Structure formats: structure tokens, C-alpha cells
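Subject: Structure handover

Hi,

Here is the structure for you to look over. My notes come after it.

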Number of protein chains: 2
Amino acid sequence: MNQIVNLKSLKTTCQACSLSELCLPRSLDDSEMVRLDDIVQRKRPIKKGEFLFQVGQPFRSLYAVRSGSVKVFLPTPSGEEQIVGFHMPGELLGLDAMEHDTHSCSAVALETTTVCELPYQNMQELCHQIPGLNHQFMSLVSKEIGSEHEMLLMLGKKMADVRLAAFLLNLSCRFRTRGFSPNEFNLSMSRHDIANYLGLAVETVSRLFTRFQEDGILEVHRRLVTIRDMSKLVALAEYAGINCQHIKDMISDS
Amino acid sequence: MNQIVNLKSLKTTCQACSLSELCLPRSLDDSEMVRLDDIVQRKRPIKKGEFLFQVGQPFRSLYAVRSGSVKVFLPTPSGEEQIVGFHMPGELLGLDAMEHDTHSCSAVALETTTVCELPYQNMQELCHQIPGLNHQFMSLVSKEIGSEHEMLLMLGKKMADVRLAAFLLNLSCRFRTRGFSPNEFNLSMSRHDIANYLGLAVETVSRLFTRFQEDGILEVHRRLVTIRDMSKLVALAEYAGINCQHIKDMISDS
DNA sequence: CGGCCTATTGACGCTACTCAACATGAGTGG
DNA sequence: CCACTCATGTTGAGTAGCGTCAATAGGCCG
């Protein structure tokens, strides 16, 4: 049964993909989408812990997450790692490798994950032929830079609770955009990963989760997070200077 | 006299520009460079403290720094700011605005600065016509993402001294690339800016500068920094996982 | 010369890290 | 099916690093 589903999803075209509005196909017409679809290589699902690419490997393709999630990190000489991002369906990976011809970071699946592979050479040619695709590509690249700016902002203004709040809100938004509940979701990453990403110790993250529960902000069971008081979470994150207007709008709408 | 020099530099073409190897013209042939040159608008110098663009303003152009330096920051609702980067000659600004049609950050000159304005519309067209330009553009964008990853790595691994060391090394490299001394340079930004950028308090930065002097690593007079012991600085920065191999090579060469 | 801004230095307190023990759940093999 | 192990997460105690507050020094400009 599972296999049938997987085979089916392997055949999914860009036209039929529910992520097309988030991903590269956005604003392409049918014939253009077919041409994009032609260069997309849909790979078999990769399991939790498998690498999509590793630092130093030759750069050939960009990847778009189709399902599951991926963490991207820089390994340090001391054998540790610094996570620079978590990627959800519809998001592009490997953008930092276009400068050189090798990957400057590694990407590993946090759960069973499927991706679309976009050979860079073909992408370049197609972007040349389809201005709309080029534009959308630049848009996604620009978005990546923007979200990293936001991350820098967060890491710059210390305060652990603010960082975690902003992180959770960010996830909440991204789940909502993808049609999932913004108030209840499963974290695909470990506490260790969260701590690493936010520049905190694991223990601090753990303590914050319990404190947020005591304050009635969250309910947490293992990796299942339920946001009980969105406004408190927003108030915390706003302290970091994160722009939460769209979330506030969402709250008042409901 | 000054005015004559300025007028002269205002007329500088991409072909004659000493930064062409760092900037967009790289790897373009003569005729292509002329076409790029045609769309470049060279603006009068902007003075220290003047804005190149501000958050919320409509996005029309990218900017390449020609001389001087620029700080880019996100203003927070609380009236503070988070600096996300300092830009030196040959570097592009405004990349994060391509997603929307408004700037998502502000850019202000740290000293008297000249920039080349690249109307985005024209850039897109020209990139379409000149694949080499498009490639170099993507390269610079990719480089931007890469350097922000490095920044995230630095802010993630705390330790104030390591951050400052990595920051100074980064500047040193960039000065060297531009033909200036990697061992002695003027900081165009205030201690306040450095602290903000590195996620530290001004006092901590100040204390670190004195400590680095006591340790014989630096000599600091106001904003003039002289690196006395590059290897110690590298040792500190490497602790952060910053890849310093190219700097080590440079040291052994000299 | 006086005012202002930037930078430095000192004293103190708090946040978050470290070390350590313990709890819980998942996966494995008998 | 249960006991075992390992990975993951939680909680506690102690501490160090860095931020905050405050005072002072030095440079720049009118």
C-alpha cells in the first residue's frame, strides 16, 4: 500500500503538485510548466538521516523539498555542526553552492523525505528561455536571503525565550502556508537540533519548553507542539523585532 | 581638486573599474561590458549617514559599492536595529528585495561612498541576453548566502572573543582582496556597530580590543587596527569553525 | 573653549552554559 | 512478549561569561 502511494507520488508532475504555488512553477503557464517538469528528476524517498548532499561534493543540482523536511548545516573543523536552516516542502536547497562548483554545506533528511532534483545546467537554460521562471527563481533566492537576515536578527538579540518563540512562530507560519494547522504540529527536529540552530544549550531549550507550558503558552508532548496562547507567543517574538503583523491579523480573523 | 577627482570617478566605466574582477563585469568580454556599462547609473557620492535605501521603499535597483562602505540593517519595531552586513567595494546590495517590490532592510553609508545603481528591470533583460552576466550575478548572490551562513555559524557558537577575531579576519581578507593591507586597516564602523553586528554589548567589544592588545594580537588606535599576530587571531577564529586555510596559506607565503 | 559623541574601564548581577543524574521512549533480540 | 540497551529529553546545582549601569576619558566640531 505504501509502495503504491510512493510510486504514485514519484510520478507527480509539477502541474499536479500541490506545492506549485510555493515552488518554482508559480506563475508559469501550462506549456512552461511542462518544460520545467521535463528537467525535474524525482528521486526515490530518502530516509531519515540520509544525506541529500555533503559539503565538498560537486555541485550539480538544486533540490526542492516535496515532502518531509531537511536540515542544512555547516560542519566545523572541530567535528561539530552549525545548523543554518530547516527546509520544508516547496523550499529550495543548495543555493549557496552556485558560487563555487562544490557544496559549502550539508543537507540531511530529518524524516522520510522526497525531493525534486533540478540539474543546475538545465535550470539555467530554462531560466533563460522562460523569464517568468527566472523571476520566480530569483524570488525564492531573495526570500532565502531575507529569512537569513531575520535569523541573524534573532541570534543577534540574545534572550533565549525570545529566540524559541520566534522559531516556533516561524514554523507555525510555514505550516499554515502549506495547509497544515498553525496551532498544532510535529517538530521534525530534535531538541539538540533546535538548540544548535538557535545558538543555545539543549538544556536551555528543554527548560524553556517546560516554562512555556507552565505559562500556558504551549502544550508539549514529545515532539508534538500545541500552541495554546498565540498572542503571548507573538508578544515574546515581537520583542526580538520579528514582524508578526500577519500573525496578528490571522489571530483576529479567527 | 576634489571635485575634479570625483567627476573623473563618476565617469569611470566598468571597463576601467579596478573592481571589475570582483563585481558583475567579471568574465564579460568587451562588448558585453559596454552593454552592462550602459545600464549602470553612477550616482554622486553619498555622505556618511545618508541612506542608500530604506526599509519599505519601492525596490527598483540593485547597487554595487564602488568606494567607501555601507552598513545594511533591519530596523526593529522597538526602534533599535540589527546590522546584517557591512558592504565593501565590489559587493552588491539590495538582493533581499527581489522577492517583494519593497526593500526589507535599510542601507546607510558609513563614510563618503559611491555606488553604481543597476535598475533591476534592465539587469533582468541584460542577464537574459548575456548568460555570462547572469552566471556572475548568481555567483554573487550565492556568495551572499554563503557568507550569511558563515555569520550564522559565528553567532550560533557564542564566545565573544572568537566572534571578534572572526570578524576582524573577515575584514582582513576582504581588504586584501581589494589590494589593501590585510594587516593594517581602518574600521569604517563604530564599536557600537561592531557590537550590534556580532550580537555583543559595546563594552564587551571594547574590553576585547584591549585584551587583544595585551595579548599582543592587535594594536588599536581609535579605528585603526593593526594585526600583530595573525596566527593567534586565526587560532581564535578557527575555534569558531571558520575555515581559515587560505589565511594560513597567506601567512606561510609571506 | 565648551559641548557632544565615542570609547574605555570598573563593579555587580543575571542569564544561560556546564556537569551530572535521572526519566522516558524506541528499537532490538532472546 | 518482555527485558535490555541506546537515544532522547528533563531536571537540578553550581558557575562563568557577558550584559547592565555608571563614571570617566578622549577626540571632533562649532
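Below are the notes on the DNA contacts and the chain interface.

This is a predicted model: local features need pLDDT of at least 70, side-chain atom pairs count only at pLDDT 80 or more, and totals for chains, interfaces and linings use all residues. Residues are numbered from 1 along each chain as its sequence is written, chains are lettered from A and ligands numbered from 1 in the order written, and side-chain values use heavy atoms, without hydrogens or water.

DNA strand C

- Glu203(A) side chain to a base nitrogen, 3.0 Å.
- Arg207(A) side chain to a base oxygen, 3.3 Å.
- Arg207(B) side chain to a base nitrogen, 2.8 Å.

α7(B) gives the most to this surface, 4 residues (helices are DSSP runs of H or I, at least four residues).

Chains A and B

Each chain puts 40 residues into the contact (heavy atoms within 4.5 Å). The buried area is about 3800 Å², with 63% from carbon and sulfur (accessible area lost, 1.4 Å probe, summed over both parts). There are 11 residue pairs in polar contact, both at pLDDT 80 or more. On the chain B side, α4(B) supplies the largest share, 19 residues.

Note on methods: A polar contact is a pair of N or O atoms within 3.5 Å; within protein, one must be able to donate a hydrogen and the other to accept it, and residues adjacent in sequence count only if both atoms are side-chain atoms. Helices (H or I, at least four residues) and strands (E, at least two) are DSSP runs, numbered from the N terminus. Buried area is the accessible area (1.4 Å probe) that two parts lose on being put together, summed over both.
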